[in-house]
Amino acid sequence: MAAPSPIPAGISKEQVRIPYLLLLLITRKAQIFDLVRQLSLKLHSCLCVNAFSMAQTEMEYRVELFNKLAQTCFVKCVDKRYKEAELNMGENSCIDRCVSKYWQVNGMVGQLLSAGKPPQ
């Protein structure tokens, strides 16, 4: 005795196969979308970590730049023997010129480096 067919009478194997394939494709499509979503989240997470790391590096650079600028201009412009609690007019103008030149040179070097040219 033959086993009963799971396909109802009057329906061909092709008629059963097509909805099965569509269901399989829909299931796979959902899995693919889920995979793409997971990869997108991981990529976003990596980009956020990378952006945070870049911001941290930029902040460290800015702090180092400020410290070097302050030290350089202080050593160059402020008298070694403190006579007064405030800076005098000559020290103030020296510091203004020093800071201005320091920023100007820093900007020029930054432009050359971003253009891919070595500083001259």
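**Two sulfur links in a predicted model**

Reader: How many disulfides does a search of the whole structure find?
Author: Happy to start there! Keep in mind that this is a predicted model. A disulfide is a pair of cysteine sulfur atoms within 2.5 Å. Searching the whole structure turns up a total of 2.

Reader: Which cysteine forms a disulfide with Cys 73?
Author: Let's look at the sulfur atoms. The partner's sulfur sits 2.0 Å from that of Cys 73, and this falls within the 2.5 Å cut-off. The partner is Cys 98.

Reader: Where in the chain are Cys 73 and Cys 98, and how many residues apart?
Author: The disulfide of Cys 73 and Cys 98 has sulfur atoms 2.0 Å apart. This pair links distant parts of the chain, with Cys 73 in helix H1 (residues 13-77) and Cys 98 in helix H2 (residues 89-114).

Reader: Is Cys 98 buried or exposed?
Author: Good one! A residue counts as buried under 20% relative accessible area. Cys 98 has 7%, so the word for Cys 98 is buried.

Reader: Why is the disulfide of Cys 77 and Cys 94 left-handed?
Author: A disulfide joins Cys 77 to Cys 94, with 2.1 Å from S to S. This pair also connects distant parts of the chain, Cys 77 in helix H1 and Cys 94 in helix H2. The link is left-handed because the torsion about its S-S bond is about -65°.

Reader: What is the pairing of the bonded cysteines in sequence order?
Author: Cys 73 goes with Cys 98, and Cys 77 goes with Cys 94. Numbering the bonded cysteines in sequence order, the pairing reads 1-4, 2-3.

Definitions and conventions: Residues numbered from 1 in each chain as written. Predicted model: local features only at pLDDT ≥ 70, side-chain atom pairs only at ≥ 80, totals over all residues. Heavy atoms only, no water. Helix = DSSP H or I, 4+ residues; strand = E, 2+ residues; numbered from the N terminus. Buried < 20%, exposed > 50% of the residue type's maximum accessible area, 1.4 Å probe, protein only.
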